[in-house]
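Got your viewer open and ready? Let's walk through this one together, one selection at a time.

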Amino acid sequence: MRTEHVARGGVSAAILAGALFAAPLAAHEDEGTPHDQAIWTWAPEQIVDKVDEVRAGRDLTPKVWPDGARVAVSISFDFDTEPVWIGFQEQSSPSYMSRGEYGARVGIPRILKLLDKHAIPATFFVPAMTMELHPEATRLLRDHPRVEIGFHSYVHENPMRLTSVEERQVYARAMAIFEKHIGRKPVGFRSAAWDLTESTVSIVKEMGFLYESSMMADDRPYELKVNGKDTGLVELPVEWILDDWPLFQISWPAKHVAARNAEDVYSIWKDEFDVAYEEGTMYILTTHPQVIGHRYRAAMLDRLIAYMKSKPGVWFATHEEIARYVQAQAAP
Ligand SMILES: [Zn+2]
């Protein structure tokens, strides 16, 4: 699988120009033609070029956060509903999909109540098909004064299964549905399952997004580079340890069983916050209404927010607010 991952439509022109291999790829790159050159046969410079296709650029941590805050905190909710099962996990049984439906029926009202109780903002990344399947919950988010809605695929499709041509097409289709429901374009992009192709960041840039939030090169905000060049795109990095899915979710076909005691997860998330606070950087937490929306977990999130609010100098913001602020601070 690794070979396919590296090779799928992603060998750069520079690598091909190296001509170490009789590479049939160049003309077919956009079609995602796989090739079978194992990574250990590549020359060092080819591997460096591969890594350089998309990577971290300069640190965008501002000298000071708004109002002299010590740390920026932003909680995101990936409102995946049925699409994450049908599109990514490829489970289309009514029972699996009902777990996604729980996110809309129970998770969203419970989370909005929690956000209102604490009067904090949040960012919801919503697949286009979640909007089609749950227009009422989508309207609740759209009309909420402290909610940002970001872009999160068409049907939670796995981007690694797409060629760059298909990826552009599917995002265009998703964008039309997004605008139909929300009435404007999103400024934030989060890839389904946080995986990106070698083309994704360039497509995100072409589509005019302000920020991307699927990469993991830092705890701090940074600028994304493509083939060694600055893109101007802000990256708000994520991490699996700051995501409720691997910590709590149960998925039998994926052999993933993580029904944890909420105290364990609270301990990880609190310690991550404490160090972010001490270092004066940023804390991005990702959750899913169908996962965190369950009673004992929502109660834990309630306690975590209360803990963070008890500290002086915590700036709660949407991802958009953080991205705009760090970009403005970093401007020459
Ligand atoms: Zn998702």
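**Start in the core**

Keep in mind that you're looking at a predicted model. Begin with the largest nonpolar core, which has 66 residues. Select Val71, Phe124 and Tyr283, the residues with the most contacts inside this core. Now stay on Tyr283: leaving aside residues up to four places away in sequence, Tyr283 touches Val71, Val73, Glu272, Phe273 and Ala276. Apart from that core lies another one, of five residues, including Val84, Trp85, Phe88 and Ala193.

**Zoom out for a moment**

Show the whole protein as a cartoon. Of the 332 residues in the protein, 42% are buried. Take the contacts with a separation of 6 or more: 75% of them are between residues 24 or more positions apart.

**Two helices side by side**

Next, select α4 (residues 81–88) and α5 (residues 94–118). How do their axes cross? They come within 6 Å and cross at roughly 150 degrees. That is over 145 degrees, so α4 and α5 are roughly antiparallel to each other. To see the contact, show Thr81, Glu82, Val84, Trp85 and Ile86 on α4, and Tyr96, Met97, Arg99, Gly100, Glu101, Gly103 and Ala104 on α5.

Go to helix α8, residues 164–182. Its 19 residues reach 26 Å from the first C-alpha to the last, close to the 27 Å expected at 1.5 Å a residue. Color the buried residues of α8: Ser164, Glu167, Tyr171, Ala174 and Phe178. Turn the view until you look along the axis of α8; the buried residues fall within an arc of 85 degrees, so they line one face of the helix. The face turned away from that buried side carries the exposed residues Ala172, Ala176 and Lys180. What covers the buried residues of α8? Among the covering elements are α6 (128–133), β4 (147–151) and α9 (200–206). Following α8 you reach glycine 183, with a positive phi near 85 degrees.

**The same exercise on α13**

Select α13, residues 295–309. Color Arg297, Met300, Leu301 and Met308, which are buried. They cover an arc of only 100 degrees around the axis, which puts them on the same side of α13. On the other side, look for Arg295, Tyr296 and Ala306, which are exposed.

Most residues other than glycine have a negative phi. Now click on histidine 156, in the loop between β4 and α8. Histidine 156 is not a glycine, yet its phi is positive, about 55 degrees. Is histidine 156 buried or exposed? With 25 other C-beta atoms within 10 Å, histidine 156 is buried.

Then move to asparagine 227, in the loop between β7 (222–226) and β8 (229–235). Asparagine 227 is a residue other than glycine, and its phi is positive too, near 50 degrees. Asparagine 227 counts as partly exposed, with 15 C-beta neighbours inside 10 Å.

**Last stop**

From asparagine 227, draw a distance to aspartate 49: the two are 178 residues apart in sequence but 7.4 Å apart in space, C-alpha to C-alpha. Aspartate 49 is found in helix α3, residues 44–52. With 21 other C-beta atoms within 10 Å, aspartate 49 is buried.

Key
Residues are numbered from 1 along each chain as its sequence is written. This is a predicted model: local features need pLDDT of at least 70, side-chain atom pairs count only at pLDDT 80 or more; totals for chains, interfaces and linings use all residues. A nonpolar core is a set of buried Ala, Val, Leu, Ile, Met, Phe, Trp, Tyr and Cys residues joined through C-beta atoms within 7 Å. A residue is buried if 20 or more other C-beta atoms lie within 10 Å of its own, exposed if 12 or fewer, and partly exposed in between; C-beta atoms are placed from the backbone. Two residues are in contact if their C-beta atoms, placed from the backbone, lie within 7 Å. Helices (H or I, at least four residues) and strands (E, at least two) are DSSP runs, numbered from the N terminus. The expected span of a helix is 1.5 Å times one less than its number of residues. The arc is that of the directions from the helix axis to the C-beta atoms. Axes are lines fitted to C-alpha atoms, for helices over the stretch in contact, and angles run from 0 to 180 degrees between N-to-C directions. Angles under 35 degrees count as roughly parallel, over 145 as roughly antiparallel, 65 to 115 as roughly perpendicular and the rest as oblique.
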